[in-house]
Amino acid sequence: MRRAGRRRWATRRAAALCLAALCALPATALTGCGAAPPPDDAAGRDGQAVQRLLDRRAAAVRERDADAFLATVDRSSARYLAEQRRMFANLAAVPLRSWTYRLVDTGGFTPSLGQGRRLAARVELRYRISGYDTAPVVAEEYLTLAQRSGRWYVASDDGEDGGRRTSVELWDQGAVTAVRGEHSLVLGVGQDRRRLREVAAAADRGVGVLRKVWPHSWAGRVVVEVPASLDRMAALLGSSASGYRGIAAVTTGEVGGGRDAAADRVIVNPEAYRILGDFGRRVVITHETAHVATRAATTAATPLWLSEGFADWAGYLGAGRAPHEVAPELAQAVAAGRLPDALPDDGAFSFGGEADRLSQAYEEGWLACRMIAERWGERRLVAFYRAVGESPRREGAVEAALREVLGVGLGEFTDLWRAYVAAQFGAPRPAR
């Protein structure tokens, strides 16, 4: 993530990271579109009938058949039927490669109230954007199904199960406008094409940077979503707006996946992004693109100072900005005699603390990665990043990778980093 401010862009990684699939798939006609396997749930024959309903619904989306899609909707609620008609129309500009539903489980039958049986269901939606996603996006839906004359229909999708609500997708928020860059696809709601073209240009630049500095397999393209507001951004992320106020962009996904892990999305906060200048916007998008590129090498063993520091290093690469311009909070701390004793732990990246300390944590991570690139070379920085992520456990991962790739222990590396930080801001070299 990237935070916008008066004079800085302090960064943080999205709460969940994603391991992107390593092989690119051809952007041909829709594939992976067959019926989902029969559900293994307590509903038995009802479950199989519901899965058939979901298969028809998915086929209608893939085939862009509005009538067939609306035929899966319960007609007893004119409001919900109208919502579904709008949602289907909102998808028109989204270049879908695949779209499937799978019935995960059912929550049992609800009172019929004389209108036939009703069933609560948890459903998994998996879809891919044609030409961009090497793995599907996975979303959960909590549906209420109604049975009429022996057939099941979708009656609502605003269900909730144990505090988990149906995932909100961009097309749930309005008609989607799609703008293609050379290596990017920008999907926006409530945004003019000029702004979306600007985002696509920044994303193309970010992809170009990462193709040069990250020589390992990744998709080499990025999908960016630009909702209409901060509140709409928070809805996409399933969180409150207060948690993302001032955050210019985030990257979504999950840690610990593999080739089948969900695809990344860069989601822009239009309110914070708007206040940045052109340079800040380029840094923001390149930073998030770095998370997309390094996803397969980022694991639970990777500390935040490394993942965020590397993303910042890529974002500022070639910018010609002095350290005190990029790291004002750290410069101020060093000038006041508060040279950090150790690399920041993951807790320093929490939004629960002070904003200045959060900014400083990112700045410290950036300088650590910058030092590695300058002292040992960019290839060693990449090799170190990958070596940390390959560790089977978090404990000792950094120490082992330092010795293997850079030939130093953690203590020596920390001393070198502290001396490097002091030198960048004209402070005396610290005593060991």
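At what angle do the axes of helix H7 and helix H8 cross? I start this notebook with that pair and then work through the rest.

**Entry 1: ground rules**

I note that this is a predicted model, where local features need pLDDT of at least 70 and side-chain atom pairs count only at pLDDT 80 or more, while totals for chains, interfaces and linings use all residues. I count residues from 1 along each chain as its sequence is written, and side-chain values use heavy atoms, with hydrogens and water left out.

**Entry 2: H7 and H8**

I looked up helix H7 (residues 278-293) and helix H8 (residues 304-316): their axes cross at roughly 135 degrees and come within 8 Å. Helices here are DSSP runs of H or I with at least four residues, strands are runs of E with at least two, and both are numbered from the N terminus. Axes are lines fitted to C-alpha atoms, for helices over the stretch in contact, and angles run from 0 to 180 degrees between N-to-C directions. H7 and H8 are therefore oblique to each other. I wrote down the scale: under 35 degrees is roughly parallel, over 145 roughly antiparallel, 65 to 115 roughly perpendicular, and the rest oblique. On the H7 side, the contact is made by Phe279, Val283, Thr286, His287, Ala290 and His291. On the H8 side I found Ser307, Glu308, Ala311, Asp312, Ala314, Gly315 and Tyr316. Contact means heavy atoms within 4.5 Å.

**Entry 3: the whole chain**

I counted 14 helices and 12 strands in the protein chain. Of its 432 residues, 57% count as buried. Buried means under 20% relative accessible area, exposed means over 50%, and partly exposed is in between (1.4 Å probe, protein chains only). For contacts between residues at least 6 apart in sequence, I noted that 67% join residues at least 24 apart. The accessible surface is about 18300 Å², with 47% of it belonging to carbon and sulfur atoms. Such areas come from the Shrake-Rupley method with a 1.4 Å probe, and for residues only the protein chains shown count as cover.

**Entry 4: confidence**

I checked pLDDT, the predictor's confidence in each residue, from 0 to 100. The chain averages 86, and 83% of the residues score at least 70. Over residues 3-36 pLDDT stays under 50, and the model has 131 contacts beyond four places in sequence for that stretch. Residues 38-42 also stay under 50, with 9 such contacts.

**Entry 5: H10 and its cover**

Which residues of H10 are buried? I listed Pro328, Glu329, Leu330, Ala331, Ala333 and Val334. Helix H10 (residues 328-335) is mostly covered, with 6 of its 8 residues buried. The cover includes helix H9 (323-326), helix H11 (355-375) and helix H14 (410-424). After H10 comes glycine 337, whose phi is positive, near 85 degrees.

**Entry 6: H11 with two partners**

I followed H11 next. H11 and H14 pack at an angle of about 100 degrees, with their axes 10 Å apart. That makes H11 roughly perpendicular to H14. Among the residues that meet are Leu367, Met371 and Ile372 in H11 and Phe413, Trp417 and Tyr420 in H14.

The axes of H11 and helix H12 (residues 378-389) come within 6 Å and cross at roughly 130 degrees. H11 and H12 are therefore oblique to each other. Here Cys369, Ile372 and Ala373 of H11 contact Glu378, Leu381 and Phe384 of H12.

**Entry 7: two strand residues**

Is isoleucine 267 buried or exposed? At 3% relative accessibility, isoleucine 267 counts as buried. I placed isoleucine 267 in strand E12 (residues 265-268). Glutamate 225 is 42 residues from isoleucine 267 in sequence, but the two are 4.8 Å apart in space, C-alpha to C-alpha. Leaving out residues up to four places away, isoleucine 267 touches Glu225, Met233 and Val250, among others.

Alanine 178 lies in strand E8 (residues 177-180). I found its C-alpha atom 6.0 Å from that of alanine 93, 85 residues apart along the chain.

Serine 149 is exposed, with a relative accessible area of 82%.
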